[in-house]
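Take a look at the model below.

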Number of protein chains: 2
Amino acid sequence: MINKLVQKIKGTGASIVAGLDPMLSYIPESILKKAFAEYGETLEGAAEAIWQFNKEIIDNICDLIPAVKPQIAMYEQFGVEGLKAFQKTVNYCKEKDLVVIGDVKRGDIGSTSAAYATAHLGKVTVGEKRLSAFDEDFATVNPYLGSDGVKPFVEVCKKEKKGIFVLVKTSNPSSGEFQDRLINGRPLYEYVGEKVDEWGKECMGDSYSYVGAVVGATYPEMGKILRKIMPKAYILVPGYGAQGGKGADLVHFFNEDGLGAIVNSSRGIIAAWQQEKYAKFGAEHFGEASRAAVLDMREDIAQALESR
Amino acid sequence: MINKLVQKIKGTGASIVAGLDPMLSYIPESILKKAFAEYGETLEGAAEAIWQFNKEIIDNICDLIPAVKPQIAMYEQFGVEGLKAFQKTVNYCKEKDLVVIGDVKRGDIGSTSAAYATAHLGKVTVGEKRLSAFDEDFATVNPYLGSDGVKPFVEVCKKEKKGIFVLVKTSNPSSGEFQDRLINGRPLYEYVGEKVDEWGKECMGDSYSYVGAVVGATYPEMGKILRKIMPKAYILVPGYGAQGGKGADLVHFFNEDGLGAIVNSSRGIIAAWQQEKYAKFGAEHFGEASRAAVLDMREDIAQALESR
């Protein structure tokens, strides 16, 4: 799957992943009204609105980008109904030949981590059958529990030719509270980065590993160091746009070949119609506003890479 | 909810939480056959088997214990159908007046962590309505992302009078890989413990805080130190039984008053019928085997506390 991701990035010329993290406040009134008219102000109604919103955006941007990253928390808050919308979104994106990164940040120990890996990347045995549950292409993984927590994901990746992105240095302001703690003069995230490199050696694609890393755009200097520590890891970079990361900050996450990083934008793309810059599209054409935002982001990253 | 947990622990005389982490291999053939006959060898069939299995165990042990801890990964691997069984299990346990600890190990940043907190402990706004999704009483939380990741859970806990258990030192063999790293001569997990104490001060129940901690039974010496660092945190202790933790190891996790810790056993209780010790019950009476295992565990912990 990492080979497919790289190939699609080359094909689209866009190292961009669209974060499908819908909040009800991003959804135009007309969609909400229709969904509530059909299902009431219920979890089902909310899930229907989210699904219709996602579908319109996907239809408008799927030819421009290699991948999407649905954030499962935004669906999980609507319970089982929300997770049905998550499932539909994943399936629809795969139909559109998009690479799907499930932003699930799971991580547990032993058989429990194996169950999460099965849920999101693998197949579960039921009687004589082998069945898929959510079946994303990649998943994000929390490393706090150590190798016991990550290895079961690596095993499933090998078997299914899928991939993971391990949280190394997250984009939020307080990520340093634990991640930056100095151990023998080096921050914890560097040790996690070394492990990512180690885990990744077990499962290499053509030029990058099945095991990638998450490093926030908000910490470009750290990205520079981590790029060297994990040369074969694709870096998933959140924090661009709404969180404050700029195009110029991103160059350190890429390798010389212009590959090695994929930059996420969520609100900046899916709620573009609410920004002044794209207000001309109006609520009715929110999908086109998202398309314009993707084109602008592609340009911003291309310029930053050219001028380095 | 921490007050209810303490009160129920006193009432039952059992500092025990039963881990409802069903694997299909724990479920007697007769239940599987019936579920597959009705729903086929499908995700729905698996979910039905899990639900029937859980229900029988809950019926057999609910008067003996204060709390249950369903591990969501074991349900999530069966997709939406599995999560319906999770939901049914949570609801049924609450009907039986058990405190429900959702072992979800979620953790993200800002609005995403808030969405997870909403999913498991809070209420989500849909139009004019405020609706619950999974609605457990407690949830486990991963601290790797720092305060930004944990605080949204604390806010929901305050509002809903619910609680969390933050992963501090997990029970698995490789937990030390990152958690034991020395920072100025002290391991990372102690810093996390200090944060748990700090977060917990914001939301105190009568004698313990809404913010508890997870510390593995497999590391009793570390438990002793963490007990002092977080005097007001209830400690959820996994790793007893199948993972190797013994009754005698547990004493350090408790305070002088015999409170302050709740010990989890999953396989040891729910798959008791497969152990030689409880084989006499047979597959048909697996619920009674679970009951016997709970009684033995209660005795084991009581003896350990008495002889300290």
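This is a predicted model. Start with the overall form of chain A. A compact globule of 308 residues would have a radius of gyration near 19 Å, and chain A has 19 Å, so the two agree. The C-alpha trace of chain A spans about 60 × 55 × 35 Å along its principal axes. Its secondary structure comes to 12 helices and 12 strands.

Now consider what is covered. In chain A, buried residues make up 65% of the 308 residues. The accessible surface of the chain comes to about 10,700 Å². Carbon and sulfur atoms account for 49% of that surface. Take the contacts in chain A between residues at least 6 apart: 73% of them join residues at least 24 apart.

Next comes the interior. In soluble globular proteins, nonpolar side chains tend to be buried together. The largest nonpolar core here has 241 residues. Which of its members touch the most others? They are Ile164(A), Met230(A), Ile164(B) and Met230(B). Look at Ile164(B). Beyond its neighbours within four places in sequence, Ile164(B) is in contact with residues including Leu121(B), Phe138(B), Ala139(B), Val141(B) and Phe153(B). Tyr210(B), Val211(B) and Gly212(B) are also among its contacts.

Strand E6 of chain B covers residues 138-141. In a regular strand the side chains alternate between the two faces of the sheet. In E6(B), Phe138(B) and Thr140(B) point one way, while Ala139(B) and Val141(B) point the other. All four of these residues are buried.

E6(B) has strand partners. Strand E3 of chain B, residues 99-106, runs parallel to E6(B) and is joined to it by 3 bridges. There, Arg106(B) has Val141(B) as its bridge partner. Strand E7 of chain B, residues 163-169, also pairs with E6(B) in the parallel sense, over 4 bridges. In E7(B), Val166(B) stands opposite Val141(B). How does the chain get from E6(B) to E7(B)? It passes through helix H7 of chain B, residues 147-160, in a right-handed β-α-β crossover.

Strand E1 of chain B, residues 16-20, gives another example of cover. Here 5 of 5 residues are buried. Ile16(B), Ala18(B) and Leu20(B) lie on one side, and Val17(B) and Gly19(B) on the other. E1(B) runs parallel to strand E12 of chain B, residues 261-265, with 3 bridges between them. Val17(B) stands opposite Asn264(B) in that pairing. E1(B) also runs parallel to strand E2 of chain B, residues 67-70, through 4 bridges. Gly19(B) has Lys69(B) as its bridge partner there.

Finish with two residues of one helix. Helix H6 of chain A, residues 110-121, contains His120(A). Gly110(A) also has its place in H6(A). Is His120(A) buried or exposed? His120(A) has a relative accessible area of 0%, so it is buried. Leaving out residues up to four places away in sequence, His120(A) touches Ile72(A), Val104(A), Arg106(A), Phe134(A), Asp135(A), Glu136(A), Ala139(A) and, from chain B, Glu76(B).

Gly110(A) counts as partly exposed, because its relative accessibility is 34%. Beyond neighbours within four places in sequence, Gly110(A) is in contact with Asp148(A) and Pro152(A). Gly282(A) is 172 residues from Gly110(A) along the chain, and their C-alpha atoms are separated by 49 Å.

Conventions:
Residues are numbered from 1 along each chain as its sequence is written. Chains are lettered from A and ligands numbered from 1 in the order in which they are written. This is a predicted model: local features need pLDDT of at least 70, side-chain atom pairs count only at pLDDT 80 or more; totals for chains, interfaces and linings use all residues. Side-chain values use heavy atoms; hydrogens and water are left out. Buried means under 20% relative accessible area, exposed over 50%, partly exposed in between (1.4 Å probe, protein chains only). Two strands pair if DSSP finds at least two bridges between them. A crossover is right-handed if, with the strands pointing away from the viewer, the path from the first strand over the helix to the second runs clockwise. Contact means heavy atoms within 4.5 Å. The radius of gyration is taken over C-alpha atoms; the globule rule is 2.2 Å times the number of residues to the power 0.38. Accessible areas come from the Shrake-Rupley method with a 1.4 Å probe; for residues, only the protein chains shown count as cover. A nonpolar core is a set of buried Ala, Val, Leu, Ile, Met, Phe, Trp, Tyr and Cys residues joined through side-chain atoms within 4.5 Å.
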